Amino acid sequence: SFMMHSSINKASNGKPAIFEEFFGLGQEESASPFLKPSSRKWAANLTLKAALLAAFLLLLSFTLSFFATTAAISALLLLFVYFLAGIPALIESIEDLVECNINIDVLMTLAAFSSVLIGSSLEGALLLVLFAISGSIEDLVTAKAKGSINQLNKLSPTKATLITNDGQLCDRSIKEVEVGAVILVRPGEIVPLDGEVKEGVSAVNLVHLTGESLPVTKKIGDSVAAGARNLDGVLQLIVTHTAADSTLSKIVQLVTNAQEAKPKLQRWFDRFSRMYALSIISLSALVALSFPFLFSLSFFGLEGSIYRAVAFLIAASPCALILALPIA
């Protein structure tokens, strides 16, 4: 509590923003109160930056692998690729396994790290990079949707100027204002609640609600939506909807629902991927354990059952779907 109210709220002096503001607005890591404004540019879209860096290092490692003199540098670069793209995937897969959720992410991670066992570390790194790029682009789009919701929330005032029955003005929380109450909206203010004009004439800007770039004149009897900006006149509005049922609240709810909803194809793929991943992992284990007895093969070596099982695991990983579906 002491830290929340300490001098760290002086963002203008180059210090981090106050904690309450950060958590209240639901900001991303790039706006973290632990980061100074000068360093936030490095945190913005961090997962995408890490994925693209991993892709560049993989390309460089692949190029250097053709030369004997740079083989050690190639291996070192590949280690960084596994760190940047592999560790996050590994952590998420371990969390899924703890929850007994065997999905396509677990399959991809298992295939990528198992490829090291058969000397195909470049192929495994490629799987991890594709996986990281797909996930980072999905995170980027999701963050953009959250940013839109935050912008909408900023438009909604937390208080309204209530006109009492005896003509007095008093500030009230918008949650306390009931339908039928009369509120005052001054020039330059954001309309806090949906209402109908009782007195006054003014131009309001609805561009952030309807996309209409030109101001719209509102007069007695016209309805005004919450979130509209009053430009020049003074308006008295009769409240027609409570804060929970206002136009702005409905827009926020619709955006939230759209963000949480997945396309039908992706919902089908999520169900299919669990069965597919479990089947492929089970078949790989069956190949590794049964081939020595069925075909008189060894467990290890280039012709061994473990090598064949891991090769099958890598080949069966649906990297194209992993890359395409979340982005779509």
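Biologist: Is the crossing of α4 and α5 left-handed or right-handed?

Modeller: In this model, which is predicted, the crossing of α4 and α5 is left-handed. The axes of the two helices come within 9 Å and cross at roughly 130°, and α4 and α5 are therefore oblique to each other, since an angle counts as roughly antiparallel when it is over 145 degrees and as roughly perpendicular from 65 to 115.

Biologist: Where does cysteine 100 lie, and what is its phi?

Modeller: The general idea is that most residues other than glycine have a negative phi. Cysteine 100 has a positive phi of about 60° although it is not a glycine, and this residue is placed in the loop between α4 and α5. Cysteine 100 counts as exposed because its relative accessibility is 69%, and the cut-off for that word is over 50%.

Biologist: Which loop holds serine 296, and how should I read its phi?

Modeller: Serine 296 sits in the loop between α9 and α10, where its phi is near 55°, a positive value in a residue other than glycine. With a relative accessibility of 67%, serine 296 counts as exposed.

Biologist: How many salt bridges does the count come to?

Modeller: As a general idea, side chains of opposite charge can pair when their charged atoms come close. Here the rule asks for a side-chain nitrogen of Lys or Arg within 4 Å of a carboxyl oxygen of Asp or Glu, and by this rule the count comes to three salt bridges. In one of them, the side chains of glutamate 303 and arginine 308 meet at 2.8 Å, N to O; glutamate 303 is exposed at 54% relative accessibility, whereas arginine 308 is partly exposed at 34%. Arginine 186 forms a salt bridge with glutamate 189, with the closest N and O atoms 3.4 Å apart, and aspartate 222 forms one with lysine 219, where the corresponding separation is 3.7 Å. Aspartate 222 is partly exposed, at 22%, and lysine 219 is also partly exposed, at 47%.

Biologist: Which residues make the nonpolar surface patch of about 540 Å²?

Modeller: That patch is made by Phe83, Ile87, Leu90, Ile91, Ile94 and Val98. To take one of these residues as a case, leucine 90 is found in helix α4, which covers residues 71-98. Leucine 90 has a relative accessibility of 31% and so counts as partly exposed, while membership of a patch asks for over 30% relative accessible area.

Definitions and conventions. Residues numbered from 1 in each chain as written. Predicted model: local features only at pLDDT ≥ 70, side-chain atom pairs only at ≥ 80, totals over all residues. Heavy atoms only, no water. Patch = residues over 30% accessible without salt bridge, like charges linked within 9 Å, V, L, I, M, F, W, Y side chains within 5 Å. Areas by Shrake-Rupley, 256 points an atom, 1.4 Å probe, with all protein chains shown as cover. Helix = DSSP H or I, 4+ residues; strand = E, 2+ residues; numbered from the N terminus. Buried < 20%, exposed > 50% of the residue type's maximum accessible area, 1.4 Å probe, protein only. Axes fitted to C-alpha atoms, helices over the stretch in contact; angles between N-to-C directions. Parallel < 35°, antiparallel > 145°, perpendicular 65-115°, else oblique. Left-handed = near helix turned anticlockwise from the far one by under 90°.
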